[in-house]
Protein chains: 2
Amino acid sequence: MNDAPSTSIHIAVPPSPAAAYDVIVEPGVLERLPALLAERAPAASYAVISDANVARLYGTAVVERLQSAGLSARLFIHGVGDAAKTIESWSALADELLAARVGRDRRVVGLGGGVSGDLAGFAAATLQRGVAFVQVPTSLLAMVDASIGGKTGVNTKHGKNLVGAFLQPRLVAIDPQVLRTLPEQELRSGAAEMVKHGAIRDVRHLEQLRDDAAAVRQGHGAALHQLILASVAIKAAVVARDPLESGERAVLNFGHTVGHALELLTDYRLPHGYAVAIGMVAAAHAGEAASITEPGTARALRETLAALALPSSPPMPLSADALLAAAGTDKKGRRGRTRYVLLRRLGEVAQPPDGGWTFELSDDIVRQALAALRPAAAGQL
Amino acid sequence: MNDAPSTSIHIAVPPSPAAAYDVIVEPGVLERLPALLAERAPAASYAVISDANVARLYGTAVVERLQSAGLSARLFIHGVGDAAKTIESWSALADELLAARVGRDRRVVGLGGGVSGDLAGFAAATLQRGVAFVQVPTSLLAMVDASIGGKTGVNTKHGKNLVGAFLQPRLVAIDPQVLRTLPEQELRSGAAEMVKHGAIRDVRHLEQLRDDAAAVRQGHGAALHQLILASVAIKAAVVARDPLESGERAVLNFGHTVGHALELLTDYRLPHGYAVAIGMVAAAHAGEAASITEPGTARALRETLAALALPSSPPMPLSADALLAAAGTDKKGRRGRTRYVLLRRLGEVAQPPDGGWTFELSDDIVRQALAALRPAAAGQL
């Protein structure tokens, strides 16, 4: 036996197998969920996770339908709203799931808005180091955004989504019919992310959103069904190329730098979609001021947002200084500098000459953009 | 725009890139950690995580050495012992890391025994959905077992390691010199997992452990260095073939079905390695009783364990009924039935004819094996 001072063993872990899943957009799909789950995510048992509102509207019926079809299923209920997206809620949920012996041979089904999906997904990601997961989003925002792409997690006092995991679902089942019961404010909030998808990738999607704004605002109709599909397709294409958010996925943050700052400054009273809408207009103005974005882009964006009854300017005066400071705490910032996704024109993001997907902007440019949000009171938002 | 009742979008997420990392076994490697980290895991800053004991013995010095080398580093301290491996500790740690703005451009370094590695690893896995992680194990058990293979997590009241994540480290740096300060009971506990590695894969490793038992029990010497390397190599080969524990990795549970039951029944007062040692003897007796394991295997295993001052029978009488019931709650059980890893002979696991890596045994066979643990008081353990 020799006395080698150092030896090293190399461990090569093979790549995890490619994950592939379908996003099914189908009116009435909630009713055929038993057959769909049995086929696409077969399991000994299903743990359906919802908040109390969704449980009453759909959760109890879904679980009864699964049981009637001979599947073992149980409903788990968490608190309502973003206030429930905490480590404590996740921990309580994990505890209930473990008490019910939900293990690797079970499936976790997140049924509800983004909070349910993120909370249920993080529970699935961490229970016995990973239980297979199905998303059944019931809000427009969750359908076109939160349920696609495998992000799960909770908020902490330090910021949103700062603790979490990536877990690709086995299936996303979207029933546009449930949108009939969604409050108009939530429909609009989801529509903002759809506008974002058009703005970064497909100007025709943007035009369609403007033309079919009534269907979006009312939450029903074949046009809305098609618009959801188109938005899912755009988000799916981006996340499939960058599943762990190491590059291109940054384009999905268009409007989110200023958007997050607005949410922070309004103590999250401003709905996420409204904040993103205003943030997108700010980013368009900033891009135009920096001669990166085609002139007229901000104006066209405002028109689409107006058709969807979405705001283009903040609901109350806010100082540019406070907004710049709040934008600096966005976790997407690289090495502490605030970075912005900018458009080249509607339907196309701009890329900086050094590659990458985001731009660093001078405070002057950002101030100009913020001032442009409310021409009537320049200098103050 | 048509009115198609259902449409589906297929998302194909590419496989995550193959993870590859080195396990470096080198006396004195703690002293050259700054150069090693700068080369193998370069980052803006390092968050070193230890319990209070390891912090005092090594943590403060490691952080000072990193700082002297011009690296930004900070020490984070968690509670001592398995009692600290909880959701609450993880949550407090995540909170401290977030307060210190540890994000994706930082590295988390777990410096300590299995508790530090599992806790720091789970924090790294969940902070902003994943921060790169380095393992610097300081107990023998962590060196040869816990630090290799990417398992992270915490215990809950429902059982051990029931909440966690897989996160492959970027590097594992093992300094055998720190074992000089490890209590003999902890050295023995680690040695039990080394015996397991020999028992399932390499009879020569088992013989070497018996021949060099003194070096293991004293915690120093070139022989111990080589034995650690050999154990790491065996564990590394298994986990590289089955990183997410979907099959072959089950062989690492040899001795753990009865072992976990003993831990449960003794309220975790029995050290893990001692429980595994007794569990391995039980599994060998069970395999012999079922005519799956070569006769004489249990006896040879007992001799090796005795040389390492490890027990072959439980420290107090325990009823076979209680042990069978406790074994049934092992989370490795498939669909609730208790399954056992069995040897064909020393150095080789048996595989059931249907493939797979575990056997279901009749209660009678298990009772026979448990009785054989203490021939003097058959029927009672």
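This is a predicted model: local features need pLDDT of at least 70, side-chain atom pairs count only at pLDDT 80 or more; totals for chains, interfaces and linings use all residues.
1. Extent of the interface. On the side of chain B, 74 residues are in contact with 74 residues of chain A. The two chains bury about 6,200 Å² between them, and carbon and sulfur atoms account for 58% of that area. Of the area that chain B buries against chain A, 14% is supplied by Ile9(B), Ile11(B) and Arg129(B), more than by any other three residues.

2. Four salt bridges are found by the rule across the interface of chain B and chain A. In one salt bridge, the side chain of Arg104(B) meets that of Glu245(A), with an N to O distance of 3.1 Å.

3. Elements on the side of chain B. Two or more residues each come from strands S1 (7-13), S2 (19-25), S7 (151-156) and S8 (159-166) of chain B, and from helices H3 (87-99), H4 (114-126) and H9 (222-241) of chain B. The largest share, nine residues, is that of H9(B). By class, the side of chain B that touches chain A has 41 nonpolar, 19 polar and 14 charged residues.

4. Seven strands form an open sheet of mixed pairing, in the order S4(A)-S3(A)-S5(A)-S6(A)-S9(A)-S2(A)-S1(B). Strand S4 (73-78) of chain A and S1 of chain B stand at the edges with a single partner strand each, so one side of each has no neighbour in the sheet. From one strand to the next, the twist averages 20 degrees.

5. Pairing within the sheet. Strand S2 (residues 19-25) of chain A pairs with S1(B) in the antiparallel sense over seven bridges. Here Asp22(A) has His10(B) as its bridge partner in S1(B). Strands S5 (residues 106-112) and S6 (residues 133-137) of chain A, by contrast, run parallel and are joined by five bridges; the bridge partner of Val109(A) in S6(A) is Val134(A).

6. Helices on the sheet. Helix H3 (residues 87-99) of chain A lies across strand S3 (45-51) and S4 of chain A, and runs at about 160 degrees to S4(A). Helix H9 (residues 222-241) of chain A also packs on the sheet, where H9(A) touches S2 and strand S9 (171-174) of chain A together with S1 of chain B. The direction of H9(A) makes about 10 degrees with that of S1(B).

Key
Residues are numbered from 1 along each chain as its sequence is written. Chains are lettered from A and ligands numbered from 1 in the order in which they are written. Side-chain values use heavy atoms; hydrogens and water are left out. Contact means heavy atoms within 4.5 Å. Buried area is the accessible area (1.4 Å probe) that two parts lose on being put together, summed over both. Helices (H or I, at least four residues) and strands (E, at least two) are DSSP runs, numbered from the N terminus. Ala, Val, Leu, Ile, Met, Phe, Trp, Tyr, Cys and Pro count as nonpolar, Asp, Glu, Lys and Arg as charged, and the others, Gly among them, as polar. Two strands pair if DSSP finds at least two bridges between them. Axes are lines fitted to C-alpha atoms, for helices over the stretch in contact, and angles run from 0 to 180 degrees between N-to-C directions.
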